[in-house]
Amino acid sequence: MITKTIQIQDLTVDELTEKVAEKILIKIEKYLKQIAEKDDDVLFTRLEVADYLKVSLTTIHHWSKNGIL
């Protein structure tokens, strides 16, 4: 198993949270745009969405529950 260490300096937790949220939102918007461009409706399972967005199934559940997805 490979372990990676990330050091973050001069950034508050709130700033880090905002930056991560911005990146996730960009990915979601890009994904939704790709879906909108297709003629056929394509449905994905929660596992497929989690894999595509590289987040956990728990995150997908919370996003769905909170109306994000």
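This is a predicted model: local features need pLDDT of at least 70, side-chain atom pairs count only at pLDDT 80 or more; totals for chains, interfaces and linings use all residues.
A patch of negative charge is formed where Asp14, Glu15, Glu18 and Glu22 gather. Of these residues, glutamate 18 lies in helix H1, which spans residues 13-37. The other patch is nonpolar, covers about 370 Å² and is made by Ile6, Ile8, Leu16 and Val20. Leucine 16 is also found in helix H1, and its relative accessibility of 32% makes this leucine partly exposed.

Most residues other than glycine have a negative phi. Aspartate 10, however, has a positive phi, near 55°. This aspartate sits in the segment before H1 and counts as exposed because its relative accessibility is 79%. A positive phi, near 60°, is also found at lysine 54. Here the setting is the loop between helix H2 (46-53) and H3, and lysine 54 is exposed, with a relative accessible area of 69%.

The side chain of threonine 59 makes a polar contact, at 3.1 Å, with the side chain of serine 56. With a relative accessibility of 24%, threonine 59 is neither buried nor exposed but partly exposed, because buried means under 20% and exposed over 50%.

Notes:
Residues are numbered from 1 along each chain as its sequence is written. Side-chain values use heavy atoms; hydrogens and water are left out. Patches are made of residues with over 30% relative accessible area and no salt bridge: like charges are joined within 9 Å, nonpolar side chains (Val, Leu, Ile, Met, Phe, Trp, Tyr) within 5 Å. Accessible areas come from the Shrake-Rupley method with a 1.4 Å probe; for residues, only the protein chains shown count as cover. A salt bridge is a side-chain nitrogen of Lys or Arg within 4 Å of a carboxyl oxygen of Asp or Glu. Lys and Arg count as positive and Asp and Glu as negative; His and the chain ends are not counted. The place of a charge is taken as NZ of Lys, CZ of Arg, CG of Asp or CD of Glu. Helices (H or I, at least four residues) and strands (E, at least two) are DSSP runs, numbered from the N terminus. Buried means under 20% relative accessible area, exposed over 50%, partly exposed in between (1.4 Å probe, protein chains only). A polar contact is a pair of N or O atoms within 3.5 Å; within protein, one must be able to donate a hydrogen and the other to accept it, and residues adjacent in sequence count only if both atoms are side-chain atoms.
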